[in-house]
Amino acid sequence: MSHTIDSLPETKTDETPMNETPMHETHSSAAETRRDFTTQLLAGLLGALVMFIPLVTGILFLLDPLTRKRKGATDDGFLKVTTLDALPADGTPVRMQVIKDLTDAWNFFPRQPVGGVYLRKIGDQVLAFNQTCPHLGCAIDYHQAMQAFYCPCHASKFSLDGEKQNVVPPRDLDSLVAEVRNENEVWIRFQNFRGGCPEKVVL
Amino acid sequence: MKRLIDWADHRTGFRGIMHEALFERIPGGARWRYVWGSTLVFTFVLQMMTGVFLWMAYSPSTRTAWESVYYIQNEMQYGNVVRGIHHYAAQAMIVLMAFHLMQVVIDGAYKAPREINFWIGLILMQIILGLSLTGYLLPWDQKGYYATQVATKIVGVFPLIGPQLQTLIQGGTEYGHHTLTRFFAMHAGVLPGTLILFLVLHIAAFRKHGITTPDPNRGPESKFWPDQILKDAVVCLAVLAVVMTLAIWVGAELNAPADPAEPFFSARPEWYFLFLFRFLKFHAVEQFGLAFGAIYVPGILMLILFLMPLIARIKGGHFFNLGFLSVVMAGAGALTVIAMVEDKNDPDFTHHLVMAERDAHRVQVLASGPTKIPIEGAVSLLRNDPLTQGPRTFSKACASCHRYNEHNGLGFPVMDFQDEKLFPAVETAADLGTFGSREWMIAVLTDYQNHFAPLKNLKNENGEPVGERFLNGDMASFSSDNREALLAPENKGSLAALVEFVVAQSGREFTPPIDADLVKAGRAIFETGTLKEGVIADCKSCHSLHARGEETALSEDGYGPNLTGYASAEWLKSFISNPGAEEHYGDNNLMPAYAEKLTEKELDLLVRWMVGDYYRSEEAHAAEAVKE
């Protein structure tokens, strides 16, 4: 269809006349304009309504994750991760998997690895850090030559006590509460934290 | 503002497009009969919207499809509404499509110069039917699974390339992960994409020739905007209202998860394919083979539909077309009604429907329980559920002699087939509906002969009755001799105590719970037979028993059945495996041994069902407590 378009809503001419209808002249009177405006308003409102209702329902559906408290990898329970004997006496960090029951949407997975922690034995105490970098969520590495925790993604660097050592990370490494129970068992309270912000916010 | 719009128009020409889209002329004025095309566009947009939202939560694989749909339906906020809209709008689309087609044919809008547009419309119809068919499988429930099997089998009888085509569509010779990934890609990608393409062509071709007006002089000419749009919007709102009402108040169905090993006898296609389903069942159709009824006949009807614009050129052709469409519509309608009425009056179908609904409900109770859904998928919930499998095994293995509350375990009567007729089967062993309960124990103690009366019907190979050995046995004598004493009002407490002691041996959970003091009192009666008023024969002389929780056996060397752990899951397992064992009925036994007839798992689920060891939701627990 090739029409010369102008911006006036006038009757267009069709190159194939579809029937022999006489063109009705449009009488413009105040009443007709009013009626026309009411029709336009109603048509616009109803048209918007039929689209709006399902769209809003769908968006509410989409917002579902905001309404549920995640009960997956992190909660307040302490988990046994290893024994004191398994940690080197000189305080060298050791990476350990955290194993626990995992609930993911409709599924329940018993005893799954849900994350990792670095453990250091200092005397009869244990220091525990979440292995997730507080910068943007890569896993940090224990760098032996630097004697530091180092993130290979964006070069975050932390001392072995977890203090940040350059400007990349927004905060220190996320330390976790660790307890020694029954003289030898190492229990930690495993939690994940929001990345990229100076505050330590539990997820 | 105006300058901004002018600038944008100069760069894009959007005013022209808007003008083109909105100010289509409608000779004779806007009319209600022109709304059908617009309602179809609207429902399609509705499907695109809800479809994309559902897409964000759906997971196509045989172990996650049902599960994710369950999660959408029951756990996610407004999930049931979004899925409900998608489910019912799909059906609304079929109805609206029929209206649109009829209006086009009645008004002669398919004739020259609009033939090509009519053909494009018919292609759109095929795409929509394809969307319905692919979407039906995606929840991976029993209904969709078995109904879609029929469709893919029909593809398999296609001439020449049938088997290859079927394998390609299914992603393998059998249904599996790739059936779902392929169906999903078709449903959410290929088909909607093609539909949009043809819809654009359809609307463009429609605008080229304008609307077909049966009566152009009916009134003053109006425009698409706002006159026709207002009417369209009103009808769209009505469609939306119907769809939302159904979505919220009826809800989209979700059957039990697909299980190739579990038949689904109530499988039916969606209602708009019922006519074809019923058509294929006619003997006259069947005898020509599946390809005839499922491919050639529908193919020929579709071909005539395609030829309509050409037929209309012949004199009287338009009336032939009208007649043809009316006959097809009426025929399809009649077949649909016939199929529905037949199903409604078919007791077998009704039974299967009840079973299907029971499984569907049960699996959702299990999935919402604290253990959620295991990685093996929801189908394993039902396979490992005593409440689901126990009654099935009972109906298969036990119900030929026993009953369960007068039925076969599944809630249906047991029938025999003789002389070409079905009639209620004769029971030849006790009704086990109350087995191991207090009620059961009272009946055994005080009403043995009645309680085991069905044994009268049991005959050996020579046709001689053999139940007498129980009905005139020692326990029967005990029951008739001591019935009066046990049922005397002053001995009410004594009877309750004895019953409590015996049922406590099972270690089952009871409502109300076991009363430890009563158990203690009952133990004494078991040992001595001393009731509150009078003395009866004691139990320990005949029955060996090592009472639950005690260090040493209460009695040994009894010649009757050993009551240690009586009616517990372990006892039942041992009894069913070999009822003729020394510690059970010994030489008196009349029941077959099932050790070799049932698998360990079947037996385990059967007895756990019989002793009530299965998951109940908290509400079900509460409801049971109230009932007791």
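This is a predicted model: local features need pLDDT of at least 70, side-chain atom pairs count only at pLDDT 80 or more; totals for chains, interfaces and linings use all residues.

Residues are numbered from 1 along each chain as its sequence is written, while chains are lettered from A and ligands numbered from 1 in the order in which they are written.

Chain B contains 26 helices and four strands, where helices (H or I, at least four residues) and strands (E, at least two) are DSSP runs numbered from the N terminus. Its radius of gyration, taken over C-alpha atoms, is 34 Å, well over the 25 Å that the globule rule (2.2 Å times the number of residues to the power 0.38) gives for 628 residues, so chain B is more spread out than a compact globule. The C-alpha trace of chain B spans about 105 × 65 × 45 Å along its principal axes. Of the 628 residues in chain B, 34% are buried, meaning that 20 or more other C-beta atoms, placed from the backbone, lie within 10 Å of the residue's own. Two residues count as in contact if their C-beta atoms, placed from the backbone, lie within 7 Å; among contacts in chain B between residues at least 6 apart in sequence, 68% join residues at least 24 apart.

Where the two chains meet, 37 residues of chain A are in contact with 48 residues of chain B. On the chain A side, the elements giving two or more residues are helix 1 (30-62), helix 2 (64-67) and strand 3 (107-122), and helix 1 of chain A supplies the largest share, 16 residues. That side divides into 20 nonpolar, 14 polar and three charged residues, with Ala, Val, Leu, Ile, Met, Phe, Trp, Tyr, Cys and Pro counted as nonpolar, Asp, Glu, Lys and Arg as charged, and the others, Gly among them, as polar.

Strand 2 (residues 94-104) of chain A is joined to strand 3 of chain A by 10 bridges, and K100(A) stands opposite Q112(A). These two strands form a hairpin with two residues between them, and A105(A) in the turn has a positive phi of about 50°. Strand 3 of chain A is joined by six bridges to strand 4 (residues 125-130) of chain A, running antiparallel, and there A128(A) is the bridge partner of L119(A).

Notes:
A residue is buried if 20 or more other C-beta atoms lie within 10 Å of its own, exposed if 12 or fewer, and partly exposed in between; C-beta atoms are placed from the backbone. Two strands pair if DSSP finds at least two bridges between them.
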